[in-house]
Each structure stands twice: as C-alpha cells, then as structure tokens.
Amino acid sequence: MSKVHEVVATTYYRTFSRFYPVLAHIEPGDTVVTKALDSGGQDLNGKHLSESGNPLTGPFFIEGAEPGDSISVDLKKVRLNRNWGYTSYRLGLVSMTPAHVVDVYSSHYEQDLVRTGRADMLPWDIDLEPNTVRARNPKSKTKNLEFDALPMLGCIGVAPAGDFTPTSGPSGPYGGNIDYNQVREGATVHLPVYQPGALLYLGDGHALQADGEPLGTGIETSMDIEFSVSLHKGRELTGPRVENESHISSVGSQPEFSSSLNVGLQMATSDMAAWLTADHGFEDWAAHQLIGMVGIYDVVTVAGSVALRIPKANLP
C-alpha cells in the first residue's frame, strides 16, 4: 500500500550529488509532503536555514531505481506559503543588445533592503488569498505592477552520473536549475536515472517568472510541495521532459546564461522526435511533420535552455 511521507529537511544542499545522506526512502507511488526554502536560504518564517544559492530539499531515494531507468515526478501541490518574495533589480544584460547595455541603469538600488550585503534586490508582496503578487518598493508611476501568481519550481533533478556534483546554479541532462515556468502544480517531470535510487532533489520556488527568466530570478520565495514518483524500468532518457494536462515538452537543458540557445533548441527537437516515435507511435517522417506544424518553442532560460512543446490534442 502506498504511504504518505511528511518530511521537513534540517540540512539543505547546494549541489546535485550522490554523496549526501538520504533524506527519505520512498517506494514508487508513495506521496511526499515537504517544503523548500527560497533561493537565499530562508523558510516560510523568514528564518535563514541555509546559505544562499538555491538550497535543495533532498535527496529522496526511489526504491528500485537503477541507472538506465527513468522516473516521473508528479507535482501534486506547488503552493506559496508566505507573504513576500524578491527579485533582482534589472534584467540580465545577456538578454540585451550591446548597443543598449551601455544605457542600462545601475544594478545598485538600496543596500540591505531585502538581504544584508545586497543592494540589487526588490521586495514583492504575495497575497495568498487571491494568489497575487505586487511590487512593493519602488512603485511605478505608470502602472501598478500586480499580477496573478503562477508558482513553480526552479530546481528539480537527480544526482548525475559518476562523481559529477554540479551546483544548483546550472542545469543539464540530470535536470538541475532548469527554471522552466511549466514546472508547476499539475505537471509531471520525467528525469533519467544515473545513480541507484535516482537521488531526487527539489527547490528554488518562484511565485511568478516570465519565459526565459530574463531577470535572472523569478519572484523568489519558499514553497509547500507535495509529489509522488513513478519508476520506468529500462526507459532511458537523454534529458528532462515535462508533461501537463495540455502539452508534452522536451527540454534542451543547458547551463543558464552561458549556453547557446540554438544548441538547446536542437537538443529539445531531437528528443521530441524520439519521444513521438518511441512512445506515441509516429513514423519518423510523421513526427517531423507534426513538429513542423504544431510545435511551440519556449525560451526556458535566456542564453541557456529551450523547450519544445506539442499539444496533446495532436497525439493519438
């Protein structure tokens, strides 16, 4: 019988590694109820429980998972749990033309406004009842910057192959700091397995984030998370895939802000073509035509990853 594991970490890690003590052993089909800190290491009460840099909740050991398998993480709940978050003060310069960069304002706004020692962060108010976010300081003279929240997880991934221990800053075929705004409640994230137990990690909650994460942040905040995992024996994947009620998505997962988007696009397209033929019965030529007619490309991170989405309405 499936179990429910209520788990709150006391130690958080900032690398995707096979070397850390397991937070919880779970059987495929079990449900995990847990929490994630914000990217700066603060919990729902604003208490610093970790250093900054996308602290991760995990690792979760999936019983029976072995290299060459894959897992599917069903995100049942990704919920806001506090009334504030923060963003960086300006867009990442990598997203702008060189001619415009010279005219961009300083990243220095107000020292220690959000975090001691930082002057490049802006606070945002989160209203949990209507599920909205609003810029607190400064206020625009032109338009009230208030939006519906769309909570998501920036980080989800497994321990990579071998002894590789990437930080929770970049992403790769193991997942990592993907920062794809489709990784939210109701989505399923498919990941390859490289280590016994897969060793799953999650974190880096955003209340809202545009395509591409052009600020270099979303609205960073802590999160309540509920998920379950299914195991697929012998189903090898080359990288992350994301699925929701309406679309399937292949992610060309690369280190953000330091990779060529054309490579991410090629990775996503190649994986989608393979997915359509292997799992959905399309002939090679038909998969190519389907991508050519209804494919939707998402910039996942500026100068980083690209995803290719296919509407489920076009699948058998």
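Modeller: Please bear in mind that this is a predicted model. As a general idea, strands of a sheet pair through backbone hydrogen bonds, either parallel or antiparallel. Here, strand E10 (residues 152–158) and E14 are paired in the antiparallel sense, over six bridges. Within that pairing, Gly-157 stands opposite Tyr-201 in E14.

Colleague: In what order do the strands of the open sheet of six strands lie?

Modeller: The order is E2-E4-E14-E10-E12-E11, and the pairing is mixed. At the edges are E2 and strand E11 (171–172), each of which pairs on one side only.

Colleague: Let us turn to aromatic rings. How many aromatic pairs does a search of the whole structure find?

Modeller: The search finds nine. One of them joins Phe-16 and Tyr-201: the ring centres are 5.5 Å apart and the planes lie at 75 degrees, so the pair is edge-to-face.

Colleague: Why is the pair of Phe-60 and Phe-227 described as edge-to-face?

Modeller: The planes of these two rings are at 80 degrees, with the centres 5.3 Å apart, and planes over 60 degrees apart count as edge-to-face. Phe-60 belongs to strand E4 (residues 56–62) and Phe-227 to strand E15 (residues 223–232), 167 residues apart. Both Phe-60 and Phe-227 are buried.

Colleague: Which residues do ring pairs link into a cluster?

Modeller: The cluster consists of Phe-16, Phe-164, Tyr-174 and Tyr-201. A ring may also have a charge over it: the charged end of Arg-82 sits over the ring of Trp-84, 3.7 Å from the ring centre.

Colleague: How should I read a nonpolar core?

Modeller: In soluble globular proteins, nonpolar side chains tend to be buried together. The largest nonpolar core of this model has 50 residues, and those with the most contacts inside it are Leu-200 and Phe-227. Strand E5 (residues 70–80) gives the largest share of this core, five residues. Beyond its neighbours within four places in sequence, Leu-200 is in contact with several residues, among them Phe-60, Ile-71, Val-158, Leu-191 and Phe-227. A second, separate core has 14 residues, including Leu-276, Ala-286, Ala-287 and Ile-310.

Colleague: What should I look for in the backbone itself?

Modeller: Most residues other than glycine have a negative phi, and most peptide bonds are trans. In this model, a cis peptide bond joins Gly-58 and Pro-59, with omega about 0 degrees, and Pro-59 is found in strand E4. The bond from Asn-137 to Pro-138 is also cis, with omega near 0 degrees. Pro-138 is in the loop between strand E8 (132–135) and strand E9 (146–148).

Colleague: Asn-131 and Ala-303 have a positive phi. Is Asn-131 buried, exposed or partly exposed?

Modeller: Asn-131 is partly exposed, with a relative accessible area of 28%. Its phi is about 65 degrees, and it lies in the loop between strand E7 (121–127) and E8. Ala-303, with a phi of about 50 degrees, is in the loop between E18 and E19 and counts as buried at 16% relative accessibility.

Colleague: With which residues is Thr-301 in contact, leaving aside its neighbours within four places in sequence?

Modeller: They are Ile-178, Asp-179, Gly-212, Glu-213, Glu-256 and Leu-261. Thr-301 is found in the loop between E18 and E19, and at 1% relative accessibility Thr-301 counts as buried.

Conventions
Residues are numbered from 1 along each chain as its sequence is written. This is a predicted model: local features need pLDDT of at least 70, side-chain atom pairs count only at pLDDT 80 or more; totals for chains, interfaces and linings use all residues. Side-chain values use heavy atoms; hydrogens and water are left out. Rings of Phe, Tyr and Trp (its six-membered ring) pair if their centres lie within 6.5 Å; planes under 30 degrees apart count as stacked, over 60 as edge-to-face and the rest as tilted. Helices (H or I, at least four residues) and strands (E, at least two) are DSSP runs, numbered from the N terminus. Buried means under 20% relative accessible area, exposed over 50%, partly exposed in between (1.4 Å probe, protein chains only). A charge sits over a ring if NZ of Lys or CZ of Arg is within 6 Å of the ring centre and within 35 degrees of the ring normal. A nonpolar core is a set of buried Ala, Val, Leu, Ile, Met, Phe, Trp, Tyr and Cys residues joined through side-chain atoms within 4.5 Å. Contact means heavy atoms within 4.5 Å. Two strands pair if DSSP finds at least two bridges between them.
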